[in-house]
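Here are my notes on this model, point by point. Please read them with the structure open.

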2 protein chains.
Amino acid sequence: MKQAKWIWYPGEFEHFHHTLVSFRRQEAGCDYPCVWPVSRPEISARFCKSFTAARDFVFTAVTHAKGMVRIGGGLYPVNKPISVKAGAYDVTAELFDPDAFPSLYINSDFLITDESWKAELFDAKPVPAACEPAFFSPVDDPAVFPFCYREIKPVSTHAVENGVLYDFGQEQFGPVRITLPADAEIMLVYGESREEALDPENAIIRETLTAADPPDRPARAFRYIAVFGKKAEDVRLEAKLEYLPVEDRAFFSSDEPELNEIWNVCVRTFHLNTREFFLDGVKRDRWVWSGDAYQSFMIARCLYNDPGVTERTITALLGKPPYLRHVNTINDYSAFLIISVWEHLEATGRFSFVRTIWPNLKALYAFIVSRLDENGYAVRRDGDWIFVDWGELDKEDPVCFEQIVLWRAHSAMAALSAAMGEDDIYTAAADALKTRILRDFWDEEKGAFIDSFTSGRRFVTRQTNVFAVLYGLVQGKQKQRVIRNALKNPDLPAITTPYFKLYELLALCEIGDISAAQDFISAYWGGMLEQGATSVWEAFDPRQTGAEHYAMYGSPYGKSLCHAWGSGPILLFCRFIAGVKTASAGKTFRVAPTPGHWQSFSVTVPVGEGAVLISYNAPEVTVRASVPGGVFSDGKKETPLEAGKTYSFILT
Amino acid sequence: MKQAKWIWYPGEFEHFHHTLVSFRRQEAGCDYPCVWPVSRPEISARFCKSFTAARDFVFTAVTHAKGMVRIGGGLYPVNKPISVKAGAYDVTAELFDPDAFPSLYINSDFLITDESWKAELFDAKPVPAACEPAFFSPVDDPAVFPFCYREIKPVSTHAVENGVLYDFGQEQFGPVRITLPADAEIMLVYGESREEALDPENAIIRETLTAADPPDRPARAFRYIAVFGKKAEDVRLEAKLEYLPVEDRAFFSSDEPELNEIWNVCVRTFHLNTREFFLDGVKRDRWVWSGDAYQSFMIARCLYNDPGVTERTITALLGKPPYLRHVNTINDYSAFLIISVWEHLEATGRFSFVRTIWPNLKALYAFIVSRLDENGYAVRRDGDWIFVDWGELDKEDPVCFEQIVLWRAHSAMAALSAAMGEDDIYTAAADALKTRILRDFWDEEKGAFIDSFTSGRRFVTRQTNVFAVLYGLVQGKQKQRVIRNALKNPDLPAITTPYFKLYELLALCEIGDISAAQDFISAYWGGMLEQGATSVWEAFDPRQTGAEHYAMYGSPYGKSLCHAWGSGPILLFCRFIAGVKTASAGKTFRVAPTPGHWQSFSVTVPVGEGAVLISYNAPEVTVRASVPGGVFSDGKKETPLEAGKTYSFILT
């Protein structure tokens with residue numbers, strides 16, 4: 001027999017854990033609920049399988065749910081042995097679980113649970129059951145996320161006024177066990193910075209505890225933990241790192257320690273935010289945001305090349321119909337989610353995953369389309385948030401940026417429908433929209449796209465034009481004008497968020513301006529490290545000093561000091577500096593390093609099931625791929641790369 | 001200040017309790033999940049209110065959920081006092097509750113929770129918050145249904161082989177507390193009949209208990225309870241009746257004890273099935289079925305004239321979009337639900353309730369329409385159950401009965417859309433369908449409607465033709481032909497289910513054949529009482545004897561002995577024999593008694609906020625209404641009824 005696995009209806013595992021994640025945020029001593037609707041799993045599900053038993057046998061339908069098994073015309077309780085005579089059967093388990101989601105495990109001589117079972121939500125539409133590799137033993141519980149734990153010790157412990165301060169040396173995430181003397185009453189304060197931990201009034205995460213409270217406190221982000229109050233010095237504190245054991249498949253080293261440290265801190269930050277799903281930040285919001293996730297998907301393809309977290313994140317973000325609001329309430333984020341699915345399929349060839357979410361993705365697309373105006377433009381409807389980016393943008397409807405991402409979403413749906421073997425009803429909408437964007441938003445005098453043609457302000461922003469370049473809305477001379485008049489125009493307001501900065505750096509790299517990207521990496525990420533960052537911050541302004549760095553959103557410690565989008569250099573290093581781009585679901589790849597002004601480094605980048613190692617020592621680059629399908633390009637000539645063979649080239 | 005009340009998002013109370021109800025069925029020692037998708041409440045909700053405090057004050061946001069309060073720019077935990085300065089505020093509570101549904105209670109000097117708050121599901125569509133009268137104190141919990149309990153004692157206790165049998169004298173429903181000796185291991189067997197309780201192998205509800213199990217067993221149906229096993233005689237058993245204190249507003253008495261007993265047993269049966277929602281039966285299925293509920297709504301309008309249970313039942317059955325299957329998976333039942341809403345609005349004028357469910361009702365209608373064929377006929381699609389009735393029907397698509405109820409549903413939507421102030425997009429569909437039904441299903445030679453025109457069988461059934469009469473599809477001579485050739489045609493197969501029997505009796509009464517209905521009541525309900533019934537059975541066949549009566553669905557005790565649809569005589573007594581029919585949401589009513597062959601009886605029937613008492617002593621009838629709006633009709637002359645005045649008429 002094959003390996004028995006826990007099974008459930010596809011998506012329910014993700015919806016369940018997404019509900020947990022969405023309601024774990026805490027702030028100012030409050031439980032801070034997610035501010036958009038979160039799809040929860042259904043209570044009940046049915047699992048079916050036809051099989052033949054060569055002889056009499058016994059099986060048990062193991063489940064944490066309630067319900068029953070129908071077999072051979074009889075009803076049987078779950079979690080008790082069921083004796084079956086030799087013969088051919090249809091077996092059905094009908095389960096309900098109001099606390100989690102129905103899941104099932106059977107391991108017996110003639111019947112095991114795996115993806116060959118059908119699952120349905122009593123909707124008469126059976127589909128192949130879903131599994132996760134971590135759940136294969138009868139004592140497993142798919143409602144408990146399979147994190148790993150490792151004990152961590154403070155690197156220092158200091159007495160402070162009215163308490164004790166523990167420093168764990170760097171950003172951490174995990175549960176803490178507090179053992180209190182019987183009559184103690186303490187305040188437990190978590191700090192990503194020392195200042196935050198020592199400021200109980202303003203720290204984001206804090207709680208009052210007595211011996212009556214459970215000693216095990218939920219997993220939270222911290223570098224520092226302070227214990228204040230009566231008998232604080234008698235309190236015993238034990239901490240664990242909670243983490244997902246995702247393996248790195250990309251590596252970087254250079255002879256510049258600062259670059260190595262930037263890479264390492266980016267990787268560490270990204271791992272801390274790689275959990276059930278890709279989080280935005282581990283202290284706050286601890287939510288799953290589509291815009292943030294879109295960048296995490298790109299980074300993850302470089303660093304992990306493992307579809308697991310990406311697919312869970314897409315499934316969670318997509319949720320289930322009916323769609324009442326945009327993803328995270330943001331119009332652009334709905335479009336990014338559709339685009340993410342396309343890019344994921346292109347990179348991985350995971351058709352079976354896309355098939356699972358395709359009906360819901362079409363429903364989300366229908367929701368988007370239902371809210372367009374008479375010209376097919378995305379505009380602000382009740383409950384919508386036209387986000388784009390923090391910073392000055394002209395958001396008078398229709399907004400150019402929204403149309404560019406919508407155009408890309410139409411195109412993504414066209415490509416996805418082809419992959420799903422369905423008729424393309426999307427390309428016509430994409431083409432019509434492109435024509436209209438070029439007609440309405442292109443400002444010939446400014447030689448760039450304006451944010452809004454209705455406001456009369458003719459405002460040109462980097463954000464809009466970065467996407468016109470990134471998504472290939474313009475080509476040739478028009479593209480060069482956009483680059484000159486917007487991307488490289490020093491008179492335009494600078495992008496201030498690291499979120500959008502990554503898109504800008506990608507665009508700069510796309511147009512070959514690697515040096516500008518390298519300079520920015522050194523100044524921005526290097527600058528953060530100089531301030532003592534042990535993970536990448538949500539934002540960084542080199543003009544600030546001391547605890548000013550920790551303030552954001554009107555709160556002195558409002559800033560997240562471990563934010564996924566800060567890990568963008570991983571992407572820049574792999575895709576542009578090492579220059580490895582995959583196609584055909586990883587079966588082919590192109591290596592075209594652009595070292596910029598860096599003199600010596602080596603990068604390992606995963607491709608398909610293997611990896612390619614690029615080592616640069618100006619002006620020579622050596623390349624060795626462990627898998628076939630590669631081509632090296634120095635910009636002029638292309639050289640096929642044989643697997644396992646080392647090649648040397650001189651870059652000029 | 002007004003009365004503070006617990007508030008929640010409309011429908012969530014019903015969806016939550018419906019999930020509990022839908023998964024309480026047990027059979028053969030199994031938990032037997034509901035076989036259709038059940039809509040559960042959302043995890044999170046937001047509650048908002050603008051108010052002004054004349055002076056500083058303190059309030060607490062009381063909730064069983066988690067979350068926080070936003071007021072005056074600050075975040076505050078729930079369930080802790082919040083101090084507020086005098087001034088004008090917008091207050092928001094954002095709550096989440098994975099175990100039940102978010103609900104909120106505030107009672108303070110300047111801020112109380114009631115229907116004036118707005119609630120939303122983070123969908124940017126705030127609506128007035130909902131309440132239930134039972135929840136008005138801070139210690140209440142809307143997740144606990146407000147049943148009442150009364151201790152009940154067995155009327156006899158007998159030693160039986162290997163155990164003890166308790167007889168509670170009549171059908172009961174409630175929890176049982178079992179106190180076991182430390183080393184006891186018993187089998188607890190519930191029986192609606194003595195035979196069932198004494199047959200642990202085949203009883204529907206049975207369980208094995210040891211002292212380690214919780215002593216309080218869930219509320220279940222029984223008349224008998226048997227305790228078998230080691231030390232059964234040392235087991236202490238305490239039982240309670242669990243009930244909803246709904247007041248009767250209809251009463252019947254006559255000098256024929258059998259008729260009084262039929263009324264009383266019908267009332268008792270109906271009360272036992274009147275719970276969170278109208279159940280089909282208290283032992284089995286213990287589910288909410290739309291066809292059964294449709295009859296319960298009619299009965300409830302006579303007996304209780306209280307919208308509470310009816311509206312809860314409609315809300316639960318309707319659930320929430322997206323609609324993946326018909327209500328209870330049955331095409332006819334979706335139509336009945338829409339018709340029920342219309343009839344409820346007509347009878348009660350409860351516009352505000354209909355407004356609450358109107359978006360979902362339109363979504364259900366859209367689901368129905370999406371599955372019609374090119375001719376607008378309802379046909380069997382994947383996952384559909386064309387039920388109509390048990391018994392021989394020609395179900396070759398399209399089926400006439402389905403089209404008649406669909407025609408009525410179109411008409412109901414037309415009337416409801418007018419009441420909601422929306423455009424009527426429904427009447428045209430109704431008219432077109434009626435024309436088509438009369439063209440395709442009317443068989444001129446048979447002078448009646450045939451079930452199917454595609455099968456070639458030209459099968460005429462009572463079921464189809466009963467509804468053609470009941471719903472007024474035919475009039476005049478055509479109606480008389482239907483009556484002669486179908487309803488009163490002895491050659492057609494008899495209706496065998498009490499479910500459809502009620503429709504047939506209603507049709508017989510509508511066409512004035514009261515005596516036939518009275519004869520059937522005496523034979524069928526009287527026959528059950530002769531067999532010792534203490535509540536009305538799901539079905540009754542006078543040819544059976546002994547325990548044969550308890551078998552159904554292939555199981556020796558599969559029959560429900562307390563089934564709501566058996567309470568139909570209440571409707572027949574009030575609406576036809578006493579002859580009270582209300583209109584204009586109960587503001588007007590017509591009294592036209594048709595005593596049939598009964599010589600002496602009196603019936604009290606609720607009308608609006610009052611009641612009308614009809615006393616008949618052949619040939620004289622006295623009528624007295626407590627409210628204005630009534631008219632008496634003897635079939636020839638109409639006499640207005642002044643409130644509080646007694647009138648006498650001679651019926652000829």
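1. Start with Pro619(B). Pro619(B) sits in a loop of chain B, with β24 (610-617) on one side and β25 (620-625) on the other. The peptide bond that joins Ala618(B) to Pro619(B) is cis. Its omega is about 5 degrees.

2. Chain B has another cis bond to check, from Asp397(B) to Pro398(B). Here omega is near -15 degrees. Pro398(B) also belongs to a loop, the one between α7 (351-370) and α8 of chain B.

3. A word on confidence. This is a predicted model. For chain A the average pLDDT is 96, and 100% of the residues score at least 70. For the complex, the predictor reports an ipTM of 0.96 and a pTM of 0.96.

4. Next, a backbone angle in chain A. Ala124(A) is not a glycine, yet its phi is positive, near 60 degrees. Look for Ala124(A) in the loop that runs between β9 (118-120) and β10 (127-128) of chain A.

5. Now the helix pair in chain B. How do the axes of α6 (residues 331-348) and α8 (residues 400-419) of chain B cross? They come within 8 Å and cross at roughly 35 degrees. The crossing of α6(B) and α8(B) is left-handed.

6. Which residues meet there? On the α6(B) side, they include Ala335(B), Phe336(B), Ile339(B), Trp342(B) and Leu345(B). On the α8(B) side, they include Val405(B), Leu406(B), Ala409(B), Met413(B) and Leu416(B). The contact of α6(B) with α8(B) is made up of 16 nonpolar residues, 1 polar and 3 charged. Among the residues in this contact are Asp332(B) from α6(B), and Glu402(B) and Arg408(B) from α8(B).

7. The interface itself: 38 residues of chain A are in contact with 38 residues of chain B. Four strands of chain A each supply at least two residues of the side that touches chain B: β2 (30-31), β5 (66-71), β6 (74-77) and β8 (87-96). What is the make-up of that side of chain A? Its residues divide into 24 nonpolar, 5 polar and 9 charged.

8. Domains of chain A. The assignment gives domain 1 (12-128), domain 2 (148-243), domain 3 (251-575) and domain 4 (578-650). The C-alpha centres of domain 1 and domain 2 of chain A are 39 Å apart. Between these domains of chain A, 4 residues of domain 1 are in contact with 5 residues of domain 2. The domain 1 side of this contact in chain A has no nonpolar residues, 2 polar and 2 charged.

Terms used:
Residues numbered from 1 in each chain as written. Chains lettered and ligands numbered in written order. Predicted model: local features only at pLDDT ≥ 70, side-chain atom pairs only at ≥ 80, totals over all residues. pLDDT = per-residue confidence, 0-100. Contact = placed C-beta atoms within 7 Å. Nonpolar A, V, L, I, M, F, W, Y, C, P; charged D, E, K, R; others polar. Domains from an automatic or database assignment. Axes fitted to C-alpha atoms, helices over the stretch in contact; angles between N-to-C directions. Left-handed = near helix turned anticlockwise from the far one by under 90°.
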